[in-house]
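Could you take me through the salt bridges here, one selection at a time? I have the viewer open and would like to know what to click on next.

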Amino acid sequence: MSADGDRLERLLERLVGASVLERVVISVAALLAAVLIGGVLVFVSGGIASCRTGLDLAGVTFCYNPMQVYYELFLGAIGHPLEGGWSPTNYSLARTLQQTTLLIFAGLSVAVAFRAGLLNIGTQGQLVVGGLATAVTVVYAAPIVPGGFVGTIVLIPLGVLAGAVVGGLYGALPGVLKAYADANEVITTIMLNFVAAGVTSTLLSQWFQDPDSTTSRTEPVPEYAEIPTLPYVGFGGSADFSLLAFGFAVALMLGTAWLFVRTSFGYELRTSGTQPAAAAYGGVDEKRMTVASMTLSGALGGVAGAFWVLMVHGSWLENVPSIGFDGIAVSVLAGNNPIGVGAAAFLFGVLDSGSNSIGTATDVPPELVGVLSGLIILFVAMPEFFRTIGRRFVDLETARPVRADGGDADADADAAAAETGGDTDE
C-alpha cells in the first residue's frame with residue numbers, strides 16, 4: 001500500500017474508532033464552523049436586501065446583523081435568559097422542550113432499527129397510526145372510566161399503550177416482509193407512510209370525525225386525560241408542554257441505552273446490525289430479530305404519536321407534522337446512540353423555537369433562517385456521516401493493535417525486527 005493510502009487508512013481508523021469525547025469535540029468544532037459560515041452568509045445577504053437602517057460599509061447598507069440573528073436563534077429559543085424578568089417556565093423554552101420530547105421518541109424509533117442494521121424510514125407512518133389509535137382509544141374509554149385523578153392515571157397509560165401497540169404492529173409489517181419475503185425495508189417503509197396517511201384519513205372521515213369541528217380531527221380527549229403539568233413548575237397553558245412527558249422521554253432514552261448494553265436482546269440486536277454473520281454463527285435467529293427490531297422501532301414511533309395527541313393537541317389531526325422524518329435526522333446526528341438522541345433532539349428543538357424568535361425580532365426572511373438551520377444540521381451531522389462511510393472500508397476488529405500509551409504495536413515490532421535482523425512473522 002502507498003504512503004498516502006496507508007495514511008488515509010489510519011485516518012479512517014482514527015475517525016471510526018473515535019472516543020465519545022473526541023466525537024463531542026468534533027461536533028462542537030463543526031457547530032462553530034457552521035455558525036461562522038452562516039454568519040458570513042447572513043451578513044452578505046443583508047447587503048443585497050433593502051432596508052432603511054443598517055450598517056453602512058463602503059457605501060453599502062447591510063441590513064442584517066449576524067450577532068443578533070444568532071442571539072435570537074440560540075438564546076431566544078430559551079426565552080432570552082440574559083434579559084431581566086426571565087422565567088424558566090417561559091413559552092419559548094416550553095416550545096423547545098416540547099419539540100425535544102417528541103423528537104426523542106422519534107429519534108429512538110429510528111435508532112433502534114438502525115442499530116439492528118435496518119433502515120426504518122416509516123417512523124412517520126407508525127407515528128400517524130399510533131396517534132390515531134391513542135385518540136380513539138381514550139375518547140371511547142373515557143365514558144366508562146371515572147373522571148378526575150382516576151381518569152388521569154387510567155386513560156393516559158391506556159392511550160400511550162394503544163399508540164405503542166398499534167405503532168408496533170404497523171412497524172412489524174415491513175419487518176415480516178423483510179424477514180420472510182426479502183423485501184427491501186426502505187421501500188416498504190416509505191410506501192407504508194403513504195398507506196398510513198390514506199387509511200387514517202379514511203377512518204377519520206368515515207367514523208371518527210368530530211361532529212362539532214370543521215377541521216379534520218377526532219373528538220378531543222377529556223382534559224383530565226391530557227398529560228398534566230407538575231404543580232408549581234408547570235408551563236403556561238398555551239405552551240402544550242409537560243415536564244412529566246419530558247421526564248418520561250428521558251427515562252425511555254436511558255432505558256433504551258440500558259437495553260442495548262445490559263441485555264442479551266440488546267446484544268443480539270447490535271450484533272445483528274454490525275456483524276450479521278457472527279450473530280448467525282452465535283445462534284441469533286436473524287428473521288426473529290428483524291421482526292422484533294422493527295416492532296420495537298414502530299412501538300416507539302407510536303409512542304411519539306401518543307404524546308403528540310395527549311400533550312400537544314388533545315386530539316388527532318389529519319395534518320400530522322413531519323416528526324417522524326425529523327427523527328431520522330436526529331438519529332443520524334446522534335450516531336444512533338440513545339443518549340446522543342437526547343442532545344440531537346434538543347438541538348432540533350432549539351433551532352425550531354429559535355427560528356420563530358428570529359422571525360419575531362428581526363426582518364430576516366424565513367428562507368434564510370431555514371438555510372442557517374440546515375447549515376448547522378449539515379455540519380454537525382457530517383462527522384457521523386463520514387464515520388458511517390469509514391465503517392465500510394475499515395474493520396476495527398482487524399485494525400493495528402495499539403499499545404497502552406497509544407503507540408502502534410505493529411510498528412514497534414517491525415522496528416525491533418529491523419534492529420535484530422529478525423522476522424516477526426511466523
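For this tour, a salt bridge is a side-chain nitrogen of Lys or Arg within 4 Å of a carboxyl oxygen of Asp or Glu. Keep in mind that you are looking at a predicted model. It holds 3 salt bridges, and we will visit them in turn.

**First stop.** Select Asp 352 and Arg 95. Their closest N and O atoms are 3.1 Å apart, which makes the pair a salt bridge. Now colour the two helices: Asp 352 sits in helix α13 (residues 338-361) and Arg 95 in helix α4 (residues 91-115), so this contact ties together parts that are 257 residues apart in sequence.

**Second stop.** Move to Arg 288 and Glu 268, whose side chains meet in a salt bridge with an N to O distance of 3.2 Å. Here the link runs between helix α11 (residues 286-313), which carries Arg 288, and helix α9 (residues 264-274), which carries Glu 268; the two residues are 20 apart in the chain.

**Third stop.** Finish with Lys 178 and Glu 185, a salt bridge whose closest N and O atoms lie 3.3 Å apart.

How values were computed
Residues are numbered from 1 along each chain as its sequence is written. This is a predicted model: local features need pLDDT of at least 70, side-chain atom pairs count only at pLDDT 80 or more; totals for chains, interfaces and linings use all residues. Side-chain values use heavy atoms; hydrogens and water are left out. Helices (H or I, at least four residues) and strands (E, at least two) are DSSP runs, numbered from the N terminus.
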